[in-house]
Amino acid sequence: MAKKEKCKEIMVKLFGPATGNLVDSMSEDDCVAKCKDKVSKFLGEEKAKVFDNL
Amino acid sequence: MQELNLIWIQGETCDGDSMSVIDATNPDFLTFLERYKINLLYHPTLSPIYGDEATKLFNKCLSGKTQVDIFIFEGAIPMNEGYGDFMGGKSVRKFVENFASKAQVTIAIGTCACFGGIPAAEPNESGSVGLQFSKREKGGALGKDYMSGLGFPVINIPGCPTHPDWVINTILSFRLGKPVVLDEFNRPKDYFGETVHRGCKLCEYHERGLWAKDFTEVGCLASSLGCKGRTTNADCNIRLWNGVSSCTRSGSPCIGCCDPGFPESMLPFNKETLNLPPSVLEEVNERKQILAEDIKNA
Amino acid sequence: MLKRIIDPLNRVEGDMAIEVSIGADNVVKDAKAIGYVYRGFENIFIGKRPFDAMRMSQRSCGVCPVSHGTAGAYAIENAIDFKIPRNAELIRDIVLGANIIVSNATHFYFMWGPDLVDKSYKDYELYPELVKRFDPLKSPHLKRVLTEARIPLHSVVATFGGKFPHPAHAIPGGVTCVPKHIELIKANTFLTEVKAFFEKEILNGITIDEWKNVKSVKDLLELMKNENFANSDIGVFIKVGQDLGLHKLGEGSPKNFLSYGFGFNSDGSMLFKRGLVENGKYKTVDPKMITEDTSKSYYENEKNARNPVDGITKPSVNKKGAYTWIKAPRYNGKVIEAGPLARNIVNKDPLIMDLVKTFGVNTFTRTLARLHECLLILPKLIEWVDEIDLSKPFYHPFPEIAEGVGIGLVEAPRGALGHFVKIKDEKCLSYQIITPTTWNCSPTDSKKEHGAVEQALMGVKLKDKNSSIELAHIVRGFDPCISCSIHAIGNEKKPLFVSRVMN
């Protein structure tokens, strides 16, 4: 699965479909960093660890 | 967990949504802010800062020096020239556009901010609208394409007033990682997927077709007293208000205050309305029949 | 002349702005009270059924929706001289009384009090005491007021009215609810616990009965010798108020007071009497004497100021010389002050009368009257809950009214509130509202007389002409409710968010 798809799946689960759709506009290169940033800001470092192995 | 900056601004408002939200319980509003690291940058009734200091803060937010994570707006937005000048003579609309463009999450609380509410009722001299809706129509002050930093449209949490749980829990969704799913009017489905009718203590009378003909009579308020509970989306009777009651529990017909079309679409408040969905009457007769048969068979 | 605008002036209900001109001697020479944003409620009600208008009119204010709902119901009933059952009268007063206490307490602790932790007071010896009590959003004491007074009192409102804000109990003919014993017991226990909280944590161990025995300044000074009371919120306020000179602020207001009265006793008397004090003379209230002037308001000019029964609301956005959307109501042509202090003066409350005699009419006595009446109303609510008789009705069937004129006068937390409705063909021909803040924050009238808040600001000698704190004390001391004043305000076009000090 591409990083974008994985990111989208995570974002849908944590924030809902609206934030999931946001990933569509991101690139394969920057999606992990961008999503991780949002998750750690709102939900904390612990939850953001999910991106570490992507 | 990093601190989230919350800024709360009012337009054409009665202050009722603020008054409602600060009555939150478990946790109370002040504990909520502290426990979940919500930094209330500005609130019209609670903030110590005012005048020049408040102005400086707003400027910092707009220049990007201070981040706006959550932007809450309460009250309708007057669009007509000359009616909506406030805070430094700038129009409410401009103010709202500026803050919404910076926000990660934008939340409209109360029916006025969501859909226009009473200020937007005819003759609507001020040209009032909601943040992203004008009654049932998409658009409003921000336009139908507006999207916040987290990819959401304006999250609509209507009600006249709104319920503290709806607001606090929606914010908490963004703290605890629970997805927020919206319906066609951009309301969180969790609360507005229900109807006021569900959980009403008078449901049994409805089922039996026993209608109160006037106030304080025993019976369902739907027929003669025009209760709008069956067609209004909100979980008032499941959640209850102030921990103890609801409009219908206290004998007062629902006036549909959470509906996008409120108030016009709900008039007359206390009379039988002709636009009752036929499905409801069918449902009543159906239930009556089921009950009758059940009794016969017993 | 230094011209200063404080904008936004928040911690009033709805934001407002004030504009003052300060002379070289630091004295305020001119003042304008300005709120924002016109909603046009009254015109929305035209052509609507009176019941529907009443339900919507309540939504003009989320802080005092009880008084608006109640005034609306009384107005419609008044059109046919309809007498509601005693039970309905009781429930309306219990809910309104709870709203008055909450509103007063919220004002003192959350809106007015935080000004006392202003940095300019940081060298004052009692500053730590003030921080402990009023530090906004932080003081644990504030949290207790929220959870032990405000929230349970709102549960009492909801017990009878379904919810707060915008409870739905008051309807023409009575109230909607038919409580059971369990609800009366619940209301009683909520109120009893709130009373215990007031005695323990606001009066610091003094009982409300002991407080009721305080009938003069001499009694009050005697009570101040009690260490517990001296350290209570009210005791500290009394000391701080004098130390910081709050009794020298906001004295310039007209000495005319209006109260529509609150709280019907079973014998027909009222807990707070209806009346008017004009130039020191006590008079009965006659609504015919009320007129609304629009000289400086954004409404079309009228030859003669209208009585609200014949009132109209015709916006004129670019009217020259106007500076506010608030109309200027006058009684017998006079500027009026409304609010807890006015209510207590009209009621000839012995303690408040003696305080006014000693200290005058000012920010200090206004605030003390607000706290004092909470302690008078609270025990009364418990008595009223007890008086409800479940074997009697709560509502009498109310007819549709084809034609008539109705006036509903009640005391809102902030003072005299009137709803004026004219009915024709079962619809509202007109619906006018005069709120307490319209009385207090009214602009200059055709006789060039300033409104009460403006007059209170004028003549004040500021310690520092660049500090806003004294002005804020004065304005917030009136507890303005801008969202409530309906014909709230626009203003001149000004740049966005600049710190506006103009010479």
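I began with C:Tyr38, which lies in the loop between β3 (28-35) and α1 (41-45) of chain C. Helices (H or I, at least four residues) and strands (E, at least two) are DSSP runs here, numbered from the N terminus. The model is a predicted one, in which local features need pLDDT of at least 70 and side-chain atom pairs count only at pLDDT 80 or more, while totals for chains, interfaces and linings use all residues. Residues are numbered from 1 along each chain as its sequence is written, and chains are lettered from A and ligands numbered from 1 in the order in which they are written.

**Entry: C:Tyr38**

Is C:Tyr38 buried or exposed? I found C:Tyr38 to be buried, because 29 other C-beta atoms lie within 10 Å. A residue is termed buried if 20 or more other C-beta atoms lie within 10 Å of its own, exposed if 12 or fewer, and partly exposed in between, with C-beta atoms placed from the backbone. I then looked up C:Tyr298, which is 260 residues from C:Tyr38 in sequence and 9.9 Å from it in space, C-alpha to C-alpha.

**Entry: chain C as a whole**

I noted 17 helices and 16 strands in chain C. The radius of gyration of chain C is 22 Å, close to the 23 Å that the globule rule gives for 503 residues, so chain C is as compact as a globular protein of that length. The radius is taken over C-alpha atoms, and the rule is 2.2 Å times the number of residues to the power 0.38. Along the principal axes, the C-alpha atoms of chain C fill a box of roughly 65 × 55 × 45 Å. I recorded 60% of the 503 residues of chain C as buried.

Contacts (C-beta atoms, placed from the backbone, within 7 Å) were next. In chain C, 72% of those with a separation of 6 or more join residues 24 or more positions apart.

**Entry: chain C against chain B**

I found 77 residues of chain C and 69 residues of chain B in this contact. Among the elements of chain C that give two or more residues to this side are β1 (2-9), α4 (86-112) and α6 (140-161). Which element gives the most? It is α6(C), with 13 residues.

**Entry: chain A against chain B**

Here 16 residues of chain A are in contact with twelve residues of chain B. On the side of chain A, α1 (3-14), α2 (17-24) and α3 (31-43) each supply at least two residues. I noted that α2(A) gives the most, with five residues.

How values were computed: Contact = placed C-beta atoms within 7 Å.
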